[in-house]
Amino acid sequence: VQGTYYNPITVRIEAFEDIIPTELIKASKIYRINIANKSKEADNDKYLKISFEYYGEGNGGIYKQVGDKWFYIPSKIEDGYITAFIKPNSIKEGGSAYRVFVDKNYKILFDIRSHWAKDEIITYIKRGIVTGYNDRSFRPDRDITKGEFFVILGRVYNWHLPNSNTLTIEDAIKYAISNGYIEGSYKDIV
């Protein structure tokens, strides 16, 4: 996007494969994007557009590699391409890796189609932070409990609980109390 960088830059894109196992179906090579920017300054209010050729269904998405995990970026599929918009400062020094994956477990939730938070809900579902109900609904206007709220916070901030692979409501509330995020006892909160 014109005016994003204040000085000339050099963009280098490398394509490669990996052997990191994932539950997602690989739908492209990995592309490492590196931007050489001498001034180290950019207009972070503007977005960079990344696109991949893509002819699949709506369960595809562009993902960014963060550590040893792939992190879903809100993506749009249109006219044979899948596209995402990223902020200039999201490309780290040394480059950032992007790839298209198909999430075979993603289920379209029928009651979010015209909801104002549709894109955010889809992003949180594909990142494993929230889920829908078994009847393929999300119920986006339903109030959530304090416990459900703390489970979501725990997933967003990757709270590590001893001896637990899943974050229960009780665990999340106790963790929030013990770390000073909320005051009171478990009985007061529930």
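Colleague: Which elements of the protein chain have the lowest and the highest mean pLDDT?

Modeller: This is a predicted model. Helix 4 has the lowest mean pLDDT, at 77. Strand 8, residues 81–86, has the highest, at 94.

Colleague: And what is the mean pLDDT of the protein chain?

Modeller: The mean is 86. 95% of the residues reach 70 or more.

Colleague: OK, layout. How many helices and strands are there?

Modeller: The protein chain has 4 helices and 9 strands. Along the sequence the pattern reads β-β-β-β-β-β-β-β-β-α-α-α-α.

Colleague: What does the C-alpha trace span along its principal axes?

Modeller: About 60 × 40 × 35 Å. The chain has 190 residues, and 37% of them count as buried.

Colleague: Let's go inside. How many residues are in the largest nonpolar core?

Modeller: That core has 17 residues. Tyr63, Trp70, Ile112, Ile121, Ile125 and Phe138 have the most contacts inside it. Strand 6 (69–73), strand 9 (96–102) and helix 1 (118–126) each give two or more residues to this core. Helix 1 gives the largest share, 3 residues.

Colleague: Strand 9 keeps coming up. Why is strand 9 largely enclosed by the rest of the structure?

Modeller: Because 7 of its 7 residues are buried.

Colleague: Which way do the residues of strand 9 point?

Modeller: Ser96, Tyr98, Val100 and Val102 point one way. Ala97, Arg99 and Phe101 point the other way. Both sets are buried. As a general rule, side chains in a regular strand alternate between the two faces of the sheet.

Colleague: Which strands pair with strand 9 in the antiparallel sense?

Modeller: Strand 5, residues 60–66, pairs with strand 9 over 5 bridges, antiparallel. Strand 3, residues 30–36, also runs antiparallel to strand 9, with 3 bridges. There Tyr31 stands opposite Tyr98. Strand 2, residues 25–26, pairs with strand 9 in the antiparallel sense over 2 bridges. Lys26 has Phe101 as its bridge partner in strand 9.

Colleague: Switching to the helices. Which residues of helix 3 are buried?

Modeller: Ala172, Ile173, Tyr175 and Ala176 are the buried ones in helix 3, residues 169–178. Seen down the axis, they fall within an arc of 160°, so they line one face of the helix.

Colleague: What do the buried residues of helix 3 pack against?

Modeller: Helix 2 (146–156) and helix 4 (186–189).

Colleague: One more residue. Is Glu78 buried or exposed?

Modeller: Glu78 counts as exposed, because its relative accessibility is 57%. Glu78 lies in strand 7, residues 75–78.

Colleague: How far apart are Glu78 and Val190 in space?

Modeller: They are 45 Å apart, C-alpha to C-alpha. In sequence, Glu78 and Val190 are 112 residues apart.

Colleague: Last one. What does the accessible surface of the protein chain come to?

Modeller: About 12700 Å², and 51% of that belongs to carbon and sulfur atoms.

Notes: Residues are numbered from 1 along each chain as its sequence is written. This is a predicted model: local features need pLDDT of at least 70, side-chain atom pairs count only at pLDDT 80 or more; totals for chains, interfaces and linings use all residues. Side-chain values use heavy atoms; hydrogens and water are left out. A nonpolar core is a set of buried Ala, Val, Leu, Ile, Met, Phe, Trp, Tyr and Cys residues joined through side-chain atoms within 4.5 Å. Buried means under 20% relative accessible area, exposed over 50%, partly exposed in between (1.4 Å probe, protein chains only). Two strands pair if DSSP finds at least two bridges between them. The arc is that of the directions from the helix axis to the C-beta atoms. Contact means heavy atoms within 4.5 Å. pLDDT is the predictor's confidence in each residue, from 0 to 100. Accessible areas come from the Shrake-Rupley method with a 1.4 Å probe; for residues, only the protein chains shown count as cover.
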